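Dear colleague,

I am passing the structure below on to you, and I would be glad if you could look through it alongside the notes that come after it.

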Amino acid sequence: MVKNIKISDFDYPLPDERIARHPLAQRDACKLIVSERPGEVRHEVFSSLPDLLPADSLLVRNDTRVINARIRFEKATGSKIEVFLLEPLAPEDYVLMFQARGHCRWSCMVGNLKRWKGGPLAKELEIDGRNVTLTAEYIGPHEGTSHCVEFTWDDPEVTFASIVDAAGYIPIPPYLKRESEETDSDDYQTVFARAKGSVAAPTAGLHFTPELFERLRDKGIDTESVTLHVGAGTFQPVKSEEIGEHPMHTEVFTVTRELVDSLLFALKNDRPVTAVGTTSVRTLESLPYLGLHLSLGDDSMHVSQWEAYEDDMEGATPEMIKADTCAALTMLIEEMERRGTDSLTASTSIMIAPGFRWRIVDRMVTNFHQPQSTLLLLVSSFLGNNADGSPRWRSIYDEALAGGYRFLSYGDACLFKRAD
């Protein structure tokens with residue numbers, strides 16, 4: 001049973017000195033470990049990626065943009081309180097949130113909450129030559145360890161997007177064990193970042209450059225985008241012994257008609273689909289279940305944690321799976337037509353672990369992930385086992401550690417082909 005998988009089986013020794021604290025000066029100069037089949041590992045440079053993908057590939061990336069989610073306040077007493085933006089509450093829509101003027105509410109983590117004993121916190125800002133006072137007021141607990149915080153500011157001409165840019169700091173991952181630096185404002189964004197909303201970068205995309213995308217286009221490789229706003233839950237450790245007891249975090253994503261059309265064309269014409277990063281993977285592999293919901297009259301637009309395993313289509317042939325997936329994607333297009341829109345927004349808490357039946361993604365560009373993490377479970381599912389039954393991910397990670405690769409968000413990259 002998938003839920004009985006022990007997270008301890010996904011541990012490995014990661015020396016602290018192997019965690020990259022800063023990126024390389026040239027984004028695509030990092031190492032790239034390549035594995036297309038069990039027992040095969042090659043060592044390349046990321047700039048060689050266009051030469052390693054099939055000419056008829058479809059490449060899908062996550063165009064979310066990291067916001068300055070850490071906002072620090074100081075009370076008159078000298079106590080420092082940090083508010084970490086998690087997700088918008090009022091308005092709930094990300095686009096509307098960053099267009100908000102005067103006030104808004106967020107679900108937040110609050111550092112040093114015990115020092116926030118009632119009353120608002122204030123911060124003076126200068127935005128485009130205007131003096132603006134930002135005020136934060138604690139409303140109360142929200143969900144889990146998060147809290148509802150209301151923000152107000154005294155200039156109705158200023159949007160919350162400008163407030164965040166002026167007041168906040170880039171939220172680099174906690175395992176970097178350092179404060180945000182000015183260079184992180186550029187380093188921790190992909191060159192194709194567009195839609196504001198993430199509190200963590202889709203780090204596999206950090207290696208791409210405009211020149212690399214030009215070379216991909218020259219080879220005939222099409223590029224499409226999804227938008228999944230990465231939440232702080234991506235760093236949530238698995239504390240349970242078995243993964244069935246771990247509550248998977250939920251993330252909001254948006255897909256366009258253009259993307260779904262491209263996926264359908266790729267599936268029907270045997271064009272490989274390459275996902276850039278685990279966030280793109282989660283989005284793409286959630287789409288068939290979203291389409292299935294719609295076909296059953298469920299328009300909740302949410303994919304739950306375990307539903308991918310509830311009907312494993314035992315005995316299904318690859319042709320059956322492809323047809324089933326195409327039918328589900330077609331339902332998404334029909335829903336867009338019904339709504340008179342060219343995009344759909346939904347959420348997913350899908351768990352991808354060994355035993356998952358892959359439907360869309362053929363290749364994956366990703367970084368090296370933390371021990372005992374849900375991202376490592378996803379990679380393990382994608383790679384499968386070696387001929388001797390040992391997990392393929394472990395032999396690849398062992399070789400990367402022996403070969404001097406740099407790990408985690410600012411580290412080196414991987415190109416994997418899915419196990420048959």
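The notes below go through the strands, a helix and the aromatic side chains in turn.

Please bear in mind that this is a predicted model, in which local features need pLDDT of at least 70 and side-chain atom pairs count only at pLDDT 80 or more, whereas totals for chains, interfaces and linings use all residues. Residues are numbered from 1 along each chain as its sequence is written, and side-chain values use heavy atoms, with hydrogens and water left out.

Helices (H or I, at least four residues) and strands (E, at least two) are DSSP runs numbered from the N terminus, and two strands are taken to pair if DSSP finds at least two bridges between them. On that basis strand β6 (residues 80–90) runs antiparallel to strand β7 (residues 103–111), the two being joined by seven bridges, and Leu 85 stands opposite Cys 108 in β7. β7 also pairs in the antiparallel sense with strand β10 (residues 147–153), over six bridges, with His 103 opposite Thr 152 in β10.

Thr 274 lies in strand β15 (residues 273–276) and is buried, with a relative accessible area of 0%; here buried means under 20% relative accessible area, with a 1.4 Å probe and protein chains only. Leaving aside residues up to four places away in sequence, Thr 274 touches Leu 53, Ser 57, Leu 58, Leu 59, Val 60, Arg 363 and Val 365, where contact means heavy atoms within 4.5 Å.

For helix α6 (residues 257–268), the twelve residues should span 16 Å at 1.5 Å a residue, which agrees with the 17 Å between its end C-alpha atoms; the expected span is 1.5 Å times one less than the number of residues. Among the buried residues of α6 are Leu 259, Leu 263 and Leu 267, and the helix is followed by Asp 270, whose phi is positive, near 55°.

The structure holds 24 aromatic pairs, counted where rings of Phe, Tyr and Trp (its six-membered ring) have centres within 6.5 Å, with planes under 30 degrees apart called stacked, over 60 edge-to-face and the rest tilted. One of these is the edge-to-face pair of Trp 393 and Tyr 397, at 5.5 Å centre to centre and 90° between the planes. Both residues are buried and lie in helix α10 (residues 392–402), four residues apart, about one turn of the helix.

How values were computed: Buried means under 20% relative accessible area, exposed over 50%, partly exposed in between (1.4 Å probe, protein chains only).
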